[in-house]
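Please read them alongside the coordinates.

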Amino acid sequence: MKKLHFSVVINASKEKVWDTMLSDVTYREWTSVFNPGGSYYKGDWSEGSKMLFIGPDEKGALGGMVSMIDKSVPHEFLSIKHVGELRGDVEDTTSPEVLKWSGALENYTFKEVSGGTELGIDINVVEEFEGYMNDTWPAALEKLKGMCE
């Protein structure tokens, strides 16, 4: 897996950025960049919680990621560990395809800077998704920035 880093400075408090990024309604809005068909989560952002990240594929079938909140320090740091894939109601955490990337982390760091918050994202990706992530994350961060400011 490869580690990618993205960051943006948002002219808003860490609390506002955290809340906008993770609240149900606003999460659906900024993550639409990744899945125009819609994306949402089931679970909560507390440490140790199971999270399901769900959205339709190109054919409209629901799927997504099975994840755990590895670390959660409100307004400071959030680490999501991806452990499986969701296909309809079936959670796959053991197939050879999933084991290639199981344990991948998605880390968010909220740092107070002059005039606002620097949001840093560090993610582990398999090579086949590197181009997509490099194209999509900057657009998603710009959308989140616009929503916060």
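1. In this predicted model, helix 4 has these buried residues: Glu-130, Met-133, Thr-136, Trp-137, Ala-140, Leu-141, Leu-144, Lys-145, Met-147 and Cys-148. An α-helix has 3.6 residues a turn, so residues three or four places apart point the same way.

2. The packing partners of these buried residues are strand 1 (2-10), helix 1 (14-22), helix 2 (24-30), strand 7 (104-113) and strand 8 (116-125).

3. Helix 4 covers residues 130-148, and its end C-alpha atoms lie 27 Å apart. This agrees with expectation, because 19 residues at 1.5 Å a residue should span 27 Å.

4. The largest pocket has a volume of about 1,400 Å³. Its lining comprises 42 residues, and those nearest the centre are Gly-64, Met-65, Phe-129, Tyr-132 and Met-133. By class, the lining holds 26 nonpolar, eight polar and eight charged residues.

5. Which elements each supply at least two residues of that lining? They are helix 1, helix 2, strand 3 (50-56), strand 4 (62-73), strand 5 (77-87), strand 7, strand 8 and helix 4. Strand 5 contributes the most, with six residues.

6. Lys-71 belongs to strand 4. Lys-71 counts as partly exposed because its relative accessibility is 39%, between the cut-offs of 20% and 50%. Beyond its neighbours within four places in sequence, Lys-71 is in contact with Glu-47, Phe-77, Leu-78 and Ser-79. Of these contacts, Glu-47 is 24 residues away in sequence, with a C-alpha to C-alpha distance of 5.1 Å from Lys-71.

Key. Residues numbered from 1 in each chain as written. Predicted model: local features only at pLDDT ≥ 70, side-chain atom pairs only at ≥ 80, totals over all residues. Heavy atoms only, no water. Helix = DSSP H or I, 4+ residues; strand = E, 2+ residues; numbered from the N terminus. Expected span 1.5 Å × (residues − 1). Buried < 20%, exposed > 50% of the residue type's maximum accessible area, 1.4 Å probe, protein only. Contact = heavy atoms within 4.5 Å. 1 Å grid on protein atoms, 1.4 Å probe; cavity = no way out; pocket = protein on both sides within 12 Å on 5 of 7 lines; lining within 4 Å. Points joined across faces, edges and corners; volume = space filled by probe spheres on them. Nonpolar A, V, L, I, M, F, W, Y, C, P; charged D, E, K, R; others polar.
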